[in-house]
Amino acid sequence: MESDELRAVLEQHHASSFGWAMACCRRDRAEAEEVLQIVYLKVLDGKARFNGTASFKTWLFAVIRKTASDQRRKHVLRALTMLRAAERRTSADRAEHPDESAYRAEIQNMFRRALARLPRRQREALELVFYHELNIQEAAAVMSVSLGSARTHYERGKKRLRQLLEESEALYESEWGRKENPATVP
């Protein structure tokens, strides 16, 4: 497709594309907008090419889903990288910033507790991908399950881990608020 024709077709499908991006991004508007912008750039720069084997809308929705998944993974990897960097800090750095060190330790403990609460297969899939830097196919081989099963455990594990962390964070913040102002009603 020519660039002008491509732009016109993207404009035609924008409303439904944004709706699908919202669904892929857990109804997070900012994340959906970011994903859609990345998708449009991929399409217009030729990094994602429509080959005509499916309808344009089907192909575009697949690109949106894949991009949203990639973005979620990047965010999780970034968070894990920050945790690893915090663990690598020297004890001298920790002594200089005791409040920051205590906060990081609490976040790490919250993450580990949430990870431990996952079902075994989901926990294994996440650990293999994030801590051991394997791809899903390699994780499936390690776990002796099919690729589809590994993907299912991985996606369900990420979703459940996110829920557990959000619950932990809400609980932590509500306890913090009560400590800061004991007169508040829980």
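Here are some numbered notes on the predicted model above.

1. Ground rules. The model is predicted, so local features need pLDDT of at least 70 and side-chain atom pairs count only at pLDDT 80 or more, while totals for chains, interfaces and linings use all residues. Numbering starts from 1 along each chain as its sequence is written, and side-chain values use heavy atoms, with hydrogens and water left out.

2. Overall make-up. The protein chain has 9 helices and 0 strands, where helices (H or I, at least four residues) and strands (E, at least two) are DSSP runs numbered from the N terminus. Read from the N terminus, the order is simply α-α-α-α-α-α-α-α-α. Of its 186 residues, 30% count as buried; buried here means under 20% relative accessible area, exposed means over 50%, and partly exposed is in between (1.4 Å probe, protein chains only). As for contacts (heavy atoms within 4.5 Å), take those between residues at least 6 apart in sequence: 59% of them join residues at least 24 apart.

3. The largest core. A nonpolar core is a set of buried Ala, Val, Leu, Ile, Met, Phe, Trp, Tyr and Cys residues joined through side-chain atoms within 4.5 Å. The largest one here has 22 residues, and Val39, Val43, Phe56, Trp59, Leu60 and Ile64 have the most contacts inside it. Two or more residues come from each of α1 (3–12), α2 (14–24), α3 (29–45) and α4. Helix α4 gives the largest share, 7 residues. As background, nonpolar side chains tend to be buried together in soluble globular proteins.

4. α4 against α7. How do these two helices cross? The axes of α4 (residues 56–88) and α7 (residues 120–131) come within 11 Å and cross at roughly 75 degrees. That makes α4 roughly perpendicular to α7. For the record, axes are lines fitted to C-alpha atoms, for helices over the stretch in contact, and angles run from 0 to 180 degrees between N-to-C directions. Angles under 35 degrees count as roughly parallel, over 145 as roughly antiparallel, 65 to 115 as roughly perpendicular and the rest as oblique. On the α4 side the contact is made by Arg73, Val76, Leu77, Leu80 and Arg84, and on the α7 side by Val129, Phe130 and Tyr131. By class, that is 6 nonpolar, no polar and 2 charged residues, with Ala, Val, Leu, Ile, Met, Phe, Trp, Tyr, Cys and Pro counted as nonpolar, Asp, Glu, Lys and Arg as charged, and the others, Gly among them, as polar.

5. The cysteine pair. With a disulfide taken as a pair of cysteine sulfur atoms within 2.5 Å, the count is 0 disulfides. Cysteine 24 counts as buried at 10% relative accessibility, and cysteine 25 counts as buried at 0%.

6. Valine 9. This residue is in helix α1 and counts as buried because its relative accessibility is 15%. Its C-alpha atom is 9.1 Å from that of lysine 57, which lies 48 residues away along the chain.

7. Two positive phi values to look at. Arginine 26, not a glycine, has a positive phi of about 55 degrees. Arginine 26 is in the loop between α2 and α3 and is partly exposed, at 39% relative accessibility. Beyond its neighbours within four places in sequence, arginine 26 is in contact with Glu31, Arg72 and Arg162. Serine 144 is in the loop between α8 (136–143) and α9 (147–180), and its relative accessible area of 65% makes it exposed.

8. Histidine 153. This residue is in helix α9. Leaving aside neighbours within four places in sequence, histidine 153 is in contact with Arg121, Gln122, Ala125 and Met143. For alanine 125, the C-alpha to C-alpha distance is 6.4 Å, at a sequence separation of 28 residues.
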